[in-house]
Amino acid sequence: MIRKNVSMEDEYIQKLQPFLDKNDGNLSAAIRDAIELADAALQGHESIEEALNFFIEGPTQYPAIRNSLIESGECILISQFSFRWLVQNTDGILVADELVNELFNPYRIKNILDLLEYLNKRSLNLGWGIEASLTNWEEENTDIIVLEHGDPNLRAFLAEILSMFLGRYLNLDVSFVHRKSNSIRIFLKEYRSDTEVPPGVRKNFGILDYTFKEIKSRPDFWTSLVERYRLHRYERVNLNKDVFEVFLSGGIPDITSFFEASAGKSIREIPQCELFVICKKLISTTQLVSDVERTVEGGKTHLKIRHQFSDEKVISKLVELFSKLFRTAGYVFEVKTISNLIIFEFTETC
């Protein structure tokens with residue numbers, strides 16, 4: 001217990017009156033309550049003056065900041081409908097570095113807590129209504145950034161910019177993003193590389209980024225190609241020149257390079273289940289056949305390849321193409337054809 005003499009003018013005694021009434025005139029108890037209230041009021045503010053201005057000018061502070069930004073030309077005012085359209089129609093395209101650095105200064109922000117503190121302060125000053133916090137998933141010892149409340153489109157936009165900043169300046173990648181109606185949870189993991197954008201950030205926020213850049217670089221080619229695919233209901237085959245050349249010469253091309261590039265390993269090291277998944281990817285990329293389905297019957301794995309060809313020579317070429325792939329991968333199998341179906345039966349199962 002520390003006892004000190006405290007002197008104050010009558011106007012401050014009057015301000016303490018609600019606390020005195022609550023504590024039956026006990027001045028020490030009233031001062032303790034006032035200190036507790038002051039401590040709570042200072043949370044989120046750097047000084048007493050800032051806290052006072054916030055509570056005194058609360059209703060007018062945000063409009064004043066907004067008006068000053070508009071008058072200076074730094075910001076413009078658009079409708080929520082327009083902003084929602086912009087965000088939704090650029091989904092999957094990564095924002096530019098300049099935009100990341102405009103919102104978060106990499107020279108002043110040194111860690112996640114600095115980043116979230118700055119975001120919360122800016123959200124408060126600009127009326128975004130979004131709250132950012134850091135939590136931990138103890139089971140996996142994983143840090144999670146949580147963005148809550150506010151407009152869902154603005155929340156998604158800020159989640160992308162925040163993740164880009166983490167990847168570029170704080171050596172963190174995004175392992176998973178969980179989107180709910182009123183929040184976004186960003187699961188983080190360590191990542192150190194010279195790559196401009198970490199793979200997790202690109203996967204969760206920039207899945208269309210490369211595609212969009214290619215379309216912009218050659219718009220005539222891509223718009224024409226898309227139009228042809230659309231008009232023909234995607235009944236077109238897309239093959240590499242070397243593969244097409246072998247087909248024209250009457251041979252059977254080697255497509256193992258596609259599988260090795262997709263898996264990042266030798267064809268002999270690709271497990272059977274993964275091989276079938278890449279087969280599915282090959283089909284969606286080339287449209288060479290209609291569909292691939294894997295089933296297990298009688299303890300054996302069956303790969304059913306559906307196609308729309310009627311010429312026996314063409315079907316025979318398809319059988320040879322996939323047989324060559326599976327033999328190179330080291331698998332033992334039997335194959336049969338039924339109408340528009342090619343069935344491979346493997347003795348080894350996944």
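Biologist: Where does Tyr234 lie?
Modeller: Helices are DSSP runs of H or I with at least four residues, strands are runs of E with at least two, and the numbering starts at the N terminus. On that basis, the place to look for Tyr234 is the loop between α11 (219-231) and α12 (241-248).

Biologist: Before we go on, what kind of model is this?
Modeller: Residues are numbered from 1 along each chain as its sequence is written, and side-chain values use heavy atoms, with hydrogens and water left out. Local features need pLDDT of at least 70, side-chain atom pairs count only at pLDDT 80 or more, and totals for chains, interfaces and linings use all residues, this being a predicted model.

Biologist: Is Tyr234 buried, partly exposed or exposed?
Modeller: Buried means under 20% relative accessible area, exposed over 50%, and partly exposed in between, with a 1.4 Å probe and protein chains only. Tyr234 has a relative accessible area of 49%, so the class is partly exposed.

Biologist: What is the phi of Gln287?
Modeller: Gln287 lies in the loop between α14 and β5 (291-297), and at 27% relative accessibility Gln287 counts as partly exposed. Gln287 is not a glycine, and its phi is positive, at about 60°.

Biologist: How are α14 and α15 oriented to each other?
Modeller: Axes are lines fitted to C-alpha atoms, for helices over the stretch in contact, and angles between N-to-C directions run from 0 to 180 degrees. Those of α14 (residues 272-286) and α15 come within 13 Å and cross at roughly 150°. Angles under 35 degrees count as roughly parallel, over 145 as roughly antiparallel, 65 to 115 as roughly perpendicular and the rest as oblique. Therefore α14 and α15 are roughly antiparallel.

Biologist: Which residues of α15 meet α14?
Modeller: Contact means heavy atoms within 4.5 Å. On the α14 side are Leu275, Phe276, Cys279, Leu282 and Ile283, and they meet, in α15, Phe322, Leu325 and Phe326.

Biologist: How many nonpolar residues does that contact have?
Modeller: Ala, Val, Leu, Ile, Met, Phe, Trp, Tyr, Cys and Pro count as nonpolar, Asp, Glu, Lys and Arg as charged, and the others, Gly among them, as polar. The contact of α14 with α15 has no polar and no charged residues, and its nonpolar count is eight.

Biologist: How is the aromatic pair of Phe326 and Phe344 arranged?
Modeller: Rings of Phe, Tyr and Trp (its six-membered ring) pair if their centres lie within 6.5 Å; planes under 30 degrees apart count as stacked, over 60 as edge-to-face and the rest as tilted. By this rule there are 18 aromatic pairs. Phe326 and Phe344 form one that is 5.1 Å centre to centre with 80° between the planes, which means edge-to-face.

Biologist: How many residues apart are Phe326 and Phe344?
Modeller: Phe326 is buried at 0% relative accessible area, and Phe344 is buried at 0% too. Their pair links helix α15 with strand β8 (residues 341-346), distant parts of the chain, and the residues apart number 18.

Biologist: Which residues does Ser323 touch?
Modeller: Ser323 sits in helix α15 (residues 312-328) and counts as buried at 5% relative accessibility. Leaving out residues up to four places away in sequence, it touches Phe333 and Phe344.

Biologist: How is α5 oriented to α8?
Modeller: Helix α5 (residues 80-89) and helix α8 (residues 152-169) have axes 9 Å apart and pack at an angle of about 45°. That makes α5, relative to α8, oblique.
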